[in-house]
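Please look over the sequence and the model shown here.

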Amino acid sequence: MGWGSIYKRRMKVFTLAIVIYLDYKTLLLREKWTKKSKRDDLWENAHECNAKRVLNLIVELEGLWVKLGQYLSTRADVLPPAYIRLLKQLQDSLPPRPVEEVCQTINRELGKSMDELFFNFDNIPLATASIAQVHRATLHDRQEVVVKVQHEGIKEIILEDLKNAKSIVDWIAWAEPQYNFNPMIDEWCKEAPKELDFNHEAENTRKVSRNLGCKSNNDDNISRVDVLIPEVIMSAERVLILEYMDGVRLNDSESLQALGVDKQKLVEEITRAYAHQIYVDGFFNGDPHPGNFLVSRAPPHLPILLDFGLTKRLSPTLKQALAKMFLASAEGDHVALLSSFSEMGLKLRLDVPEQVMEIANVFFRTSTPAKEAPQLMKAFAEQRNRNLKTIQEKMKLNSKQVKRFNPVDAFPGDIIIFSRVINLLRGLSSTMDLRIVYVDIMRPFAESVLQDHVNRGPAFNANWIHDTPPLSDVENKLRRLLIELGNADKVLGIQVCAYKDGEVIIDTSAGVLGRYDPRPVQPDSLFPVFSVSKGITAGMVHWLVDKGKLNLEEKVENVWPEFGSNGKDKIKVHHVLNHTSGLQNALASLTRENPLLMTEWDECLNYITETAPETEPGREQLYHYLSFGWLCGGIIEHASGKKFQEILEEAFVRPLNIDGELYIGIPPGVESRLASLTSDMDDIAKLSEITKRSELPSSFQSQLQDPSQMASALPAFFNTLFARRSIIPSANAHCSARALARYYAALVDGGAIPAPHSSSTQPPLGTHSHIPKFSSPKTSKKRKSSNKANYTRVPSDDTTLSSTTSVANGGPTNDEKLFTNSRIHDAFMGAGEYENLTLQGGQFGLGFKRSCSEDGKLIGFGHSGMGGSTGYCDINNRFSIAVTLNKLNFGGVTAKIMQLVCSELNIPLPADFYRFGERITGDESNIAVPLIN
């Protein structure tokens, strides 16, 4: 192609783009002065005129623009009918190239004459498309074939068209920043040239055919897909010979009706084929427009898949992330959705989880018939305006800035073809006036890819335990125990970290992050730990006492005046810490009726002030399973004059250098590190055995009447983004085991801060930003150069980011202490001079669970959470340990870990774990103990 032709081609494209742009801009102005009754006609005429302009230029130029037209012709769900009606001619009816040109290409590419190759060759093509045309032929062995022959000179045209398309996209992004298609055109520039090599297409065809089992009789419900794909006979760079399959076009409604084809079932099977390619195989055809499908004439009239020139291979990580994104959208799981974005490299410049979920739901929405497109587009426009308003308020932008604001900071090019396929499939069903429920069809395939990886326990996954060198012999033995528990399906994901004499001796991570999250547990993964939170919250109260901001014998109403109403004027701080305030059932009925109330911090504090105690303070110790957190939280905020989370950071997070790994109420930006909860139903079923135990509040006993409902409801609620981001100091701390173990290592040494975490795990403890920051918005009106888009392109290959932050930089020195009180251990346990502040014989000290040896000697303290997560320390042996896990059980896993570690270190095993170890072998007498912990 000469420079003259290139210049003329480029000018025609840019001229049409400008003409259409100005036409619609003018129309927006004219609409204001036109009667409402005539506005629809005004728009229809404009669409008809511009659609004809587009079609005429595409037919003249051919090349890449035909592909663009084919794509647009399938988007009946979003484009005006005039465009669909006119552009669908491009699917297979372009003007053919001369047969002489076709024969010359075949001879040159295959090195044989037409007579040597074919018994018969039909000079009239079956179809002519953007890159090639297809002729029917017969081989000398009488096999019927089709011959696909690339147009002469098309490669140069395609490459030139890509440059022009890139320039137009850059111009649109400058003129209308809200329409930035740079990620799409960049990916197209990378993938489109691959279509020009028919050897590549031949291999793709064979691969997809094998993956879908088109030549096998596999009857597996998930993997079986009833489609046909032609067999490859011969290929060269510009010629492809395929098996001939007799079929009719999808847009040939009369023939489909005559054959009695069920169009709904047909398109559903096509959708299943693509779901299999994407989620199961990770290798899919990226061009499912109607011209690339036939329907076999022979019963049972199966879909025939054609043209595998444009395909996309997904890495295992991206395939899992796409499956997770789909399921998160279907379930309304904000945490999983944001996590999937992070896993695939899609970064946003602001935190708008509700709007992101809306967009995901639109993307995977049920397709609708073409006639419903106008109403649908109107709804989308209204939704977009609402989202813009939200962004404007959140980012404090004016009306002009918000239109130019791009909320995407980094966009993974690898998902562009995936997005194109989903849109093409939806357009296909809309064109055929069908309603396809993608959630129902694609869900089994998405679930299978995640469950397949999750179900690969230690016996099938050599990397089930995180690959870090063991720090001690006891850690080696612990890892063998975890493998046994994993093979017995007792562990899904787990972390264990322990300190002895101020040094880390165990730092192990194993398993996966969730039932539908096959990513491996990392040392910095964050686990919800339920009532382990109480030990952290109690530590904050003691910290304020140590700082002189609070007194344990002080009445709560002295620091929190609103609290003293309704008979609570006698309640003191130590009553709250000792679970003897009489408010064990406070908020229980309210949160049972409306669990979301737990996420409203101020409302819960206000409600606490209005409740009345059921028993006299100090008389009876009953576990304050929910109210403990809000009671302590209100005391903390009123005594300090600061927010709860500010005190948590000031007291423990910054001094211990555990930034980013200990939260009560997570911030935006950490979702990708979260473990998801599930239940061990065999263990949870035993909860009903303790419903009559007197140690538990009556409201808690009533909630255990239906263990199966509780086992499903608890994980579901605490997995939600609302619960995770809320301040629930009794139940929703999120932490890593190494951060929790470091906290207890400091407590066991009277508040002395341990030496920097010595494990070799990556990233080092303390290197995360505690409150992740989003990148600053870019709203400049200055035009950017065409080779610099206002987003960051994410590389296709998986990359690992390494932190260079030093643990020592800005970290505490070993001379610092969290507490100055030399009797702080007695304060935690309610012993010595603090004994009179606790109920004699009670299980709890002042905020912590007392731990005794089997002979009854007080040896330490800690706090466990429902499901098995635990923080504990042994004072005399300077030992601390933390266990975090995501498969909720009745404590048996933690008990086995404690038994092994204590035995190997020759230190006393806390009696609770000893008795519980016996219980899991048959004795049910002590079933309540670990739960209360």
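This is a predicted model: local features need pLDDT of at least 70, side-chain atom pairs count only at pLDDT 80 or more; totals for chains, interfaces and linings use all residues.

Residues are numbered from 1 along each chain as its sequence is written, and side-chain values use heavy atoms, with hydrogens and water left out.

**Strands around β3**

Helices (H or I, at least four residues) and strands (E, at least two) are DSSP runs, numbered from the N terminus. Strands of a sheet pair through backbone hydrogen bonds, either parallel or antiparallel. Here two strands count as paired if DSSP finds at least two bridges between them.

| Partner of β3 | Bridges | Sense |
|---|---|---|
| β1 (residues 118-121) | 3 bridges | antiparallel |
| β2 (residues 127-128) | 2 bridges | antiparallel |
| β4 (residues 144-150) | 7 bridges | antiparallel |

N120 is partnered with T138 in β3. A127 has V134 in β3 as its bridge partner, and V134 also stands opposite K148 in β4.

Two hairpins involve β3. In the hairpin of β2 and β3, 3 residues lie between the strands. The hairpin of β3 and β4 has 4 residues between its strands, and R142 takes a positive phi near 70 degrees there.

**A sheet of 3 strands**

An open sheet with antiparallel pairing has its 3 strands in the order β17-β20-β18. Its edge strands, β17 (527-528) and β18 (662-664), each pair on one side only. Strand β20 (residues 733-735) is joined to β17 by 2 bridges, and F527 has C735 in β20 as its bridge partner.

**Helices α24 and α25**

How do the axes of α24 and α25 cross, and at roughly what angle? Helix α24 (residues 601-610) and helix α25 (residues 627-640) have axes that come within 10 Å and cross at roughly 95 degrees. That makes α24 roughly perpendicular to α25. Axes are lines fitted to C-alpha atoms, for helices over the stretch in contact, and angles run from 0 to 180 degrees between N-to-C directions. Angles of 65 to 115 degrees count as roughly perpendicular, under 35 as roughly parallel, over 145 as roughly antiparallel and the rest as oblique.

In α24, W601, C604, L605 and I608 meet S627, W630, L631, G633, G634 and E637 of α25, where contact means heavy atoms within 4.5 Å.
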